[in-house]
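Colleague: I have some questions about how the terms are applied here. Please set each value against its definition.

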Amino acid sequence: MSHPLEQLRDDALREIDSAPNEQALEAARVKFLGKSGSISSWGEQMKSLSKEEKPIVGKLLNEVRTAVTNAIDARGETFRSQKETESLAKIDISLPGTPNERGSLHPLTQMLDRSIAIFRRMGFALADGPDVEDEWHCFDALNTPPDHPARNEADTFYLPDGRLLRTHTSTVQIRTMTAAPPPIRVIAPGAAYRRDEVDATHGAQFHQIEGLYVDRNVSVADLKGTMEYLMHELFGAETQVRFRPHYFPFTEPSLEIDVKSKALKGGEQWIEVCGSGMVHPAVFEQVNKARGDDAYDPNEWTGFAFGLGMDRLAMILFGVPDIRLFAQNDLRFLRQFA
Amino acid sequence: MKFSVNWLREFVDLPDDIADLLTMAGVEIERIEERGAKIDNVVVAQITASSQHPNADRLSVCEVDDGSGTKRQIVCGAKNYKVGDKVPLALPGAKLPNGLEIKKSKLRGVESEGMLCSPIELGFGEDASGLLILSPDAKIGAPIVDLFPADTILDVEITPNRGDLLSHYGLAREISALTGKKIVGQAHRLPAGDAPALQKKAIKIAAPNECPFFSARKIDNVKIGPSPAWLRAKIESVGIRSINNIVDISNFVMLEFGQPTHAFDADKLKGALNVRMARDGEKFLALDGKTYSLKSNNLVIADQERVVGIGGVMGGEETGVTESTTNVILEAAYFLPASVRRTARNLNLPSDASYRFERGVDPGMVLRASERATELMREIANAKPAKEIQTGGELPANPPDVSFDYEKSDKLLGVTIEPKRVDEILIRFGLTKRKLDGLKPSSSTGEGRLKKEGRRLKAVESNERESIERSARWGVPSHRRDLQRDVDLIEEVVRAYGVGNISGSDRSRFTPSSDADREYNWEAQLRSRLVAAGLLEARTSKLIPRNAPAFSDNAVTLKNPLSEDHVALRPSLISGLLDVLERNVRAGAEKLSIFELGRAFIPPDAKEERHLAILLWGNASAQSDWRTQTNRRLDLFDLKGALDAVVPQLSFRKWSYPDLALAVEVWSGDRKIGFGGQVASTRSTTTGPVFVAELHADLLLDAHEVAKKFRELDRFPSVTRDVAMIVPEKVSHEEIVRVIENPKTPLLESVALFDLFSGGEFASAEKKSLAYRLTYRERSRTLTHEEVNAAHAKIRERLREQLGAELRE
């Protein structure tokens with residue numbers, strides 16, 4: 001035969017479970033656990049129990065109270081979560097999200113950042129030099145004779161004071177070497193200028209990354225390895241890279257670098273991306289003369305240098321058909337690279 | 001330069017992959033053009049009659065003679081012929097380059113036994129306007145292939161150091177060196193024994209530093225006329241117009257050997273030729289029909305009265321060869337590249353001749369070219385050349401020998417190439433290996449010597465050989481003046497060996513970061529902060545137009561701008577950003593929030609500074625949003641917010657600047673680092689206020705902390721109290737904050753404005769209502785309400801007393 005408390009518990013649990021709503025549940029709570037509720041009143045009755053019965057009934061009372069309380073809580077939680085779910089179910093989840101206005105980096109900046117990151121992995125430090133240069137840094141020191149066509153006013157922008165806008169970032173090679181002895185391992189991103197008619201592939205101003213590595217025993221093989229790694233990192237491991245002999249006054253041998261990849265616009269064609277070569281000994285000799293020492297002894301040091309056209313690389317990588325889009329900064333263009 | 005493959009084949013066998021071979025050896029093929037007919041069953045036919053097609057207005061019915069004896073009837077749509085013309089006829093069975101197969105057929109009811117062809121149908125060029133009218137000399141019935149032999153034209157980019165490749169013989173010589181195939185024919189050699197005598201010092205050269213050598217040969221009795229077909233076809237195949245036999249011969253020799261020559265009408269020259277510098281202002285009527293005013297640094301060829309040619313550039317109109325010429329003087333000279341380059345550029349008169357002299361012609365070819373032209377004049381124009389060639393000056397000596405270190409070459413290339421292979425390559429390029437001084441030829445050990453001595457000699461010999469193998473001296477041929485030092489020879493080796501045969505190596509080196517590295521990192525950080533704040537990065541041209549509307553005062557201008565859009569170096573980035581604004585507004589943008597980080601060039605000496613500029617215009621949100629009722633306009637406080645994203649704790653002071661309607665200076669601590677404000681509406685065509693700011697970013701870099709420092713997190717709660725007040729309109733936020741914060745209340749942690757209202761009744765009373773939230777905190781304990789209330793009451797009291805604020809409870 002069960003104790004009346006157990007009977008009471010069973011009645012309570014039944015009532016709680018069948019409570020149809022929060023009001024009914026609250027009524028059940030008052031009925032059983034309220035100040036004068038049927039379970040609470042057992043507390044009063046305890047006083048009249050015998051010493052032996054007291055602990056047993058006390059324990060039972062606690063268990064019953066806990067069970068009923070838990071049941072009420074659980075039932076209450078069910079009601080609340082039902083209510084919450086019902087109220088949220090009305091929300092139209094297809095409504096647009098709150099606009100989050102993203103800014104973006106210019107595609108040329110992204111191209112520069114990507115390239116610089118790759119060079120940094122190979123241990124190149126950055127170097128810098130001015131856009132407004134003198135003829136010595138831009139031409140003489142780079143083994144370009146005084147009557148060379150590039151020096152002509154038809155091809156180079158001059159300032160009234162005789163200075164010029166550098167026609168390539170190779171000027172930074174000279175600035176770096178005159179400032180510090182070898183070994184040198186630098187890249188120099190920057191702008192260069194040519195007096196070209198502006199069209200889809202030429203701007204008056206363009207962007208380059210110049211590179212220079214001078215050390216003992218630097219070879220064409222090192223140049224190849226470096227540039228192959230760069231192109232594979234930039235355009236994917238399946239990219240083919242070829243080195244074509246060419247002519248620049250400040251390198252010998254001189255090599256132009258072409259890439260070919262199905263992933264790139266232009267598909268199966270070789271695309272010229274970079275001029276490069278082994279630093280011409282005459283360049284070292286000019287640097288030594290300016291330094292007043294023999295730090296760059298061509299018999300001891302060799303080096304490679306390269307100039308990567310960033311606008312062209314960005315056009316290839318992003319499939320941009322016209323170089324002028326970079327300078328126009330149309331929002332519809334910029335946002336594509338966000 | 002354009003090269004005819006047929007012409008090249010006269011000198012050397014060509015491999016199938018000629019384009020690849022040359023390109024990979026540094027002689028880049030830019031374009032390959034297939035010429036001529038490769039079509040069977042197309043013959044020369046003469047139109048013997050033509051009548052209107054009975055059923056089609058635009059067609060005619062022709063009767064043609066194809067040489068077979070029976071006339072053919074052809075329906076034709078072209079109008080550009082007349083009866084008697086000779087035209088190409090595609091016979092039934094012919095397959096044209098465009099894929100069309102010719103069959104007998106009926107056109108609108110009339111039988112057509114073939115098709116008359118236009119140039120494009122035969123694959124010649126782009127002309128589709130009518131039939132190809134052939135020369136009246138064309139033989140009826142002859143295959144069209146005979147008239148247009150197939151040829152391939154290579155358009156080749158010759159680098160400026162390789163003047164020796166600017167001729168068919170020169171390129172053939174290069175191909176021979178690369179493939180090892182021998183040069184065939186003897187056209188390039190002076191005929192042995194029969195060489196004309198030189199009458200030295202017969203020509204006066206007053207400028208030997210510009211023209212070291214000049215030769216002239218009198219050639220009498222020339223018969224001027226059109227060139228024979230072969231000559232005409234040859235020069236025209238590479239894009240030179242045929243003029244007359246004498247001029248064509250001169251051009252032919254230049255295309256064949258690379259040496260320009262010039263023919264004067266001998267009877268129009270007044271006295272002997274001489275070479276001198278022009279007199280300042282001397283006038284010259286050139287062959288192009290223009291009169292040039294010369295300067296004293298222009299080299300000229302003159303007779304006793306006037307200038308008759310500009311050295312290495314162009315001959316004169318008055319002394320040129322014409323229909324009536326009977327005697328000529330043939331010039332062949334060596335002009336120095338720098339001289340010709342200077343003059344051609346000064347006069348803006350580039351020519352085929354100057355192009356070659358600028359890049360350096362082969363001294364060894366000067367007289368050979370003269371002789372070759374003479375031969376052809378004798379053959380073609382029936383000429384009687386003088387026995388002697390008059391000359392002045394001396395041809396330059398061969399270039400000096402170059403030493404070559406095999407080990408150094410291997411080191412520079414990063415690959416080991418057998419000395420034997422190196423020698424083979426250099427010899428093929430025309431270099432001569434010199435015997436080392438003091439070494440007898442090794443073949444001197446003969447039979448009959450003592451065995452002992454023989455052994456000793458053998459030992460010596462092998463030592464000698466080793467030393468020979470380490471390095472060698474090489475003689476350079478006259479046409480390769482670009483080979484001056486060992487690296488030039490190394491380049492020849494690698495060109496022939498193939499760069500592709502060197503495998504790349506992964507060489508790296510640890511490098512300490514530089515100032516430029518730190519600056520780049522800082523720039524990247526600035527950019528990413530602005531991008532995170534929702535701004536788009538722009539990159540505008542550093543060259544700005546002559547009259548940029550604003551922010552361009554005193555900009556340093558170029559001495560030689562090319563277009564009006566790129567005239568000056570930007571002193572500020574804002575003019576470029578305003579241009580971007582205009583472009584985007586035209587394209588329909590409703591909002592623009594952009595920045596640029598880059599160089600500015602500060603007048604008067606174009607000092608380079610790193611600047612950061614921001615431009616804001618238009619709606620605060622790019623698109624209207626279903627949850628936001630109104631889309632407010634961007635304003636000065638958005639600009640301040642954007643600047644805060646870059647550098648915290650900037651302060652702003654009123655300023656004045658002509659391009660700004662509202663101008664502020666931007667200060668960081670006690671340094672002015674830039675300016676900003678609202679652009680004066682007179683300086684911008686855009687509707688609505690435009691806000692700009694420009695900071696000198698180098699100054700920010702100075703103050704930039706490399707790493708943030710940790711500050712203990714607050715462990716005790718803060719207490720906030722709001723204070724709402726009405727103050728006179730002229731009292732600024734800054735003043736209110738100063739009163740709140742001074743004297744300093746240790747418990748006060750921060751002050752934030754959270755409401756401002758100045759409309760309605762406040763406006764008419766010239767007052768405004770503001771509400772601030774004050775946060776109190778003691779870092780070492782929990783505050784009591786009493787102490788906060790006391791501190792807050794003091795602040796309230798100050799606001800009342802010092803600003804006359806009406807405080808609201």
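Colleague: What is the area buried between chain A and chain B, and what share do carbon and sulfur atoms give?

Modeller: About 7400 Å², with 54% from carbon and sulfur atoms. Buried area is the accessible area (1.4 Å probe) that two parts lose on being put together, summed over both. This is a predicted model; local features need pLDDT of at least 70, side-chain atom pairs need 80 or more, and totals for chains, interfaces and linings use all residues. Residues count from 1 along each chain as written, chains are lettered from A in written order, and side-chain values use heavy atoms, without hydrogens or water.

Colleague: Why is the meeting of Arg485(B) and Glu285(A) called a salt bridge?

Modeller: The term asks for a side-chain nitrogen of Lys or Arg within 4 Å of a carboxyl oxygen of Asp or Glu. Here N to O is 2.7 Å, so the pair qualifies. The count between chain A and chain B is 9 salt bridges.

Colleague: Which helix gives the most to the side of chain A that touches chain B?

Modeller: Helix H8 of chain A, residues 220-235, with 7 residues. Helices are DSSP runs of H or I, at least four residues; strands are runs of E, at least two.

Colleague: What makes E34 and E35 of chain B a pair?

Modeller: Pairing needs at least two DSSP bridges between two strands. E34(B) and E35(B) have 5, in the antiparallel sense, so they pair. In one of them, Phe675(B) has Glu694(B) in E35(B) as its bridge partner.
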